[in-house]
Amino acid sequence: MYKLREYQKQAVDNTIRFFQKSRAPAVIVLPTGAGKSLVIAELARIARGRVLVLAHVKELVEQNHQKYTSYGLPAGIYSAGLGQKDWDQKAIFGSVQSVARAPDDFFENFSLVVIDECHRVAEEGSTQYQDVIAKLRGKNPEICVLGLTATPYRLGLGWIYECSASGEIKSEQKRFFKKCVFELPLSYMIKHHFLTIPVKIDIPVTCYDFSELMDKGRTFTTAEVEEILKAQKRLTPLIIKNIIDITETYDRKGVMIFSASVKHAEEIMSYLPENDARLVVGDTDLSDRDRIIEDFKKRKFKYLVNVSVLTTGFDAPHVDVIAILRPTESNSLYQQIIGRGLRLCEGKKDCYVLDYTGMGHDIYAPEISEKRPAKNTVPVLVPCPVCDFENNFWGYAIDGEVIEHFGRKCRGMAQDPKTFEWKPCGYRFRSKICHSCGAENDITARACERCKTVLIDADAKLKQAKLSKHAHVMTPERITFEERRDRNSNPYLEIRYYDHDAKYLSEVHFFNNPTAIKKFNINFLRSHLRRPELAVEFTTPAEAIKYQVLFRLPAFVIARKQDKFWKITEKVFAEEL
């Protein structure tokens, strides 16, 4: 029989607890090597009805089935690629392509469907996954849908679920999977010696320059990659020599090389030891592929080059070098590539990750949500003043103290203990106020969420000002605060914005009555504070001057001509653009 690790038991318990209250599709996130087959086995044992485990490739179906049956549990396979179409057993492991074409009777009596590599499930539309789920729900509207993945995000989409296990909003857009019920970080697996330590080397000796692709701001094509590789062709032999040198110097046992295209792979093969390297591509005959993979696992050769075919459903524990020679924007794909080298194996101490792309993906903390606003920003924890949820935003910190952050809205959610439903906190750290109804909106919103009034876009505002003879647009470089007095000796605060030519625009704020104080706190503090959630009411110019380090510069200041003077009418901050 089998025994669950503590985190596997927690994953099972969380799943049961969730499905006792809800039938919304849920996700479990487990890194490579975390023993998802044990989690499947325990859920299948507990399930009252039959269990269907879906995968997108036959290798994964076979791998999951073998691990499941190794625990002494009976299970069937429904996969044309594996030559079996069982459906009598309680647990069935199937390829989604075959199951989608199965007879209607096949879908009877299932109470749980588990989707492996569930980040591949499309959000909507007629896909094989959606068709299978629809057929299962047709037979049992109460069926539980559970996804399993090590990478819960997809290029161009972001997170595949709406709410994390900790109650954090991951996507405000509708997602097929609603809740992540359990997530185990990769760092936990490595710290507790369940996986091998990855030793990442970003630029071993030299690397390709793919920055041109990233500058395009869109998904790049194979043709564009090949064009860059052609221009940098002289680097390939140097890179392969470096891989061979590292492999031989440190007595590495198995090397997987991920190439950008078939043409690139063939070039790589020409520089590798002829009798110690093999190539697998999409067009490789299936029997040849199986033989090559089996020979690699038996260590009959050392270097295995592939083109986008061995990122999932492939398990060779002796791999201790991962060489990445292909660029990818996909965090999911990058994590899967790294995962090929993290399995434990006798005598294996670590796995070298040789990244020759210079794209800077993070093994432990992939950037999925907002893009990093600046290179020197770091993840910072910012508590919500309303619900106390600790948000993870980009920002600046000194000695652990958060100085500034770029968060917009609290990602915390509160759970109703009776209905099990999660409701978002909704607190906005920064917002755009609707000029019509006064509602708070996201700073990039084009229309008010409440009254649908069209909101003024920051870009449009700047363009309009630049075209106007009576408007001036400044890019400030510094800001100063001074206390002055008017003719009646009333104190006021003068704030000056200086550009690179030392020219300035200024604004003044009085504090001589409650209305003036409120005006300053709303019009200035709300947008200028580096940490808006810490806002307090300033009642004198001296207080504002004392805490001026807390204020930030706008990206642009717009002033309009009034008689002989320029009056600041709008400010645009970086996050609005």
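Trainee: Which residue does Asp350 form a salt bridge with?
Mentor: The partner of Asp350 is Arg252, and in this predicted model the closest N and O atoms of that pair are 2.8 Å apart.

Trainee: Is Asp350 buried or exposed? And what about Arg252?
Mentor: Asp350 is buried, with a relative accessible area of 16%, and Arg252 counts as buried too, at 9% relative accessibility. The cut-off that matters here is that buried means under 20% relative accessible area.

Trainee: How many salt bridges are there by this rule?
Mentor: The count comes to 29 salt bridges. One of them joins Lys36 and Asp116, with the closest N and O atoms 2.7 Å apart. That pair links distant parts of the chain, since Lys36 is in helix α2 and Asp116 in strand β6 (residues 110-116), 80 residues apart.

Trainee: Buried or exposed, for Asp116?
Mentor: Asp116 is buried, with a relative accessible area of 1%, whereas Lys36 is partly exposed, at 22%.

Trainee: Which residue does Glu533 meet in a salt bridge?
Mentor: The side chain of Glu533 meets that of Arg531, at 2.8 Å from N to O. Glu533 is buried, with a relative accessible area of 10%, and Arg531 counts as buried at 14%. Elsewhere, Glu482, Arg484, Glu494 and Arg496 are linked in a network of salt bridges.

Trainee: Back to α9, then. What do you make of the span of that helix?
Mentor: Helix α9 covers residues 235-249, and at 1.5 Å a residue its 15 residues should span 21 Å, which agrees with the 21 Å between its end C-alpha atoms. The helix is followed by Asp251, whose phi is positive, near 50 degrees.

Trainee: Which residues of α9 are buried, and what covers them?
Mentor: The buried residues of α9 are Leu235, Thr236, Ile239, Ile240, Asn242, Ile243, Ile244, Ile246 and Thr247. Their cover includes strands β13 (255-258), β15 (303-306), β16 (321-324) and β17 (350-355), together with helix α10 (262-271).

Trainee: I clicked on Leu325. Where does Leu325 lie, and what does Leu325 touch?
Mentor: Leu325 lies in the loop between β16 and α12 (331-339), and Leu325 is buried with a relative accessible area of 0%. Not counting residues up to four places away in sequence, Leu325 touches a list of residues that includes Ile239, Ile240 and Ile243, which are among the buried residues of α9. Other contacts of Leu325 include Tyr208, Phe210, His264 and Tyr356. Leu325 and Gly358 are 33 residues apart in sequence, and their C-alpha atoms are 9.6 Å apart in space.

Trainee: New topic: the largest nonpolar core. Which residues touch the most other members?
Mentor: Ile28 and Tyr68 do, out of the 64 residues in that core. Helix α2 (residues 36-46) gives the most to this core, with six residues. Apart from this core lies another one of 32 residues, among them Ile240, Ile257, Val321 and Met359.

Trainee: What is Ile28 in contact with?
Mentor: Leaving aside its neighbours within four places in sequence, Ile28 has contacts that include Ala11, Thr15, Val39, Leu146, Val181 and Phe182. Val39 is also one of the buried residues of α2.

Trainee: Why is α2 largely enclosed by the rest of the structure?
Mentor: Eight of the eleven residues of α2 are buried, so the helix is largely enclosed. The buried set is Ser37, Leu38, Val39, Ile40, Ala41, Glu42, Leu43 and Ala44.

Trainee: Last one, the three-stranded sheet. What order do the strands have?
Mentor: The order is β25-β29-β30, in an open sheet with antiparallel pairing. β25 (471-474) and β30 (565-572) stand at the edges with a single partner strand each, so one side of each is left without a neighbour in the sheet. Neighbouring strands are turned by 25 degrees against each other on average, direction ignored.

Trainee: How many bridges pair β25 and β29?
Mentor: β25 pairs with β29 (residues 556-562) over four bridges, and the bridge partner of Ala471 in β29 is Arg560. Helix α13 (residues 458-467) packs on the sheet, touching β25, β29 and β30, and its direction makes about 45 degrees with that of β29.

Key:
Residues numbered from 1 in each chain as written. Predicted model: local features only at pLDDT ≥ 70, side-chain atom pairs only at ≥ 80, totals over all residues. Heavy atoms only, no water. Pairing = 2+ DSSP bridges. Helix = DSSP H or I, 4+ residues; strand = E, 2+ residues; numbered from the N terminus. Axes fitted to C-alpha atoms, helices over the stretch in contact; angles between N-to-C directions. Contact = heavy atoms within 4.5 Å. Expected span 1.5 Å × (residues − 1). Buried < 20%, exposed > 50% of the residue type's maximum accessible area, 1.4 Å probe, protein only. Core = buried A, V, L, I, M, F, W, Y, C linked by side-chain atoms within 4.5 Å. Salt bridge = Lys/Arg side-chain N within 4 Å of Asp/Glu carboxyl O.
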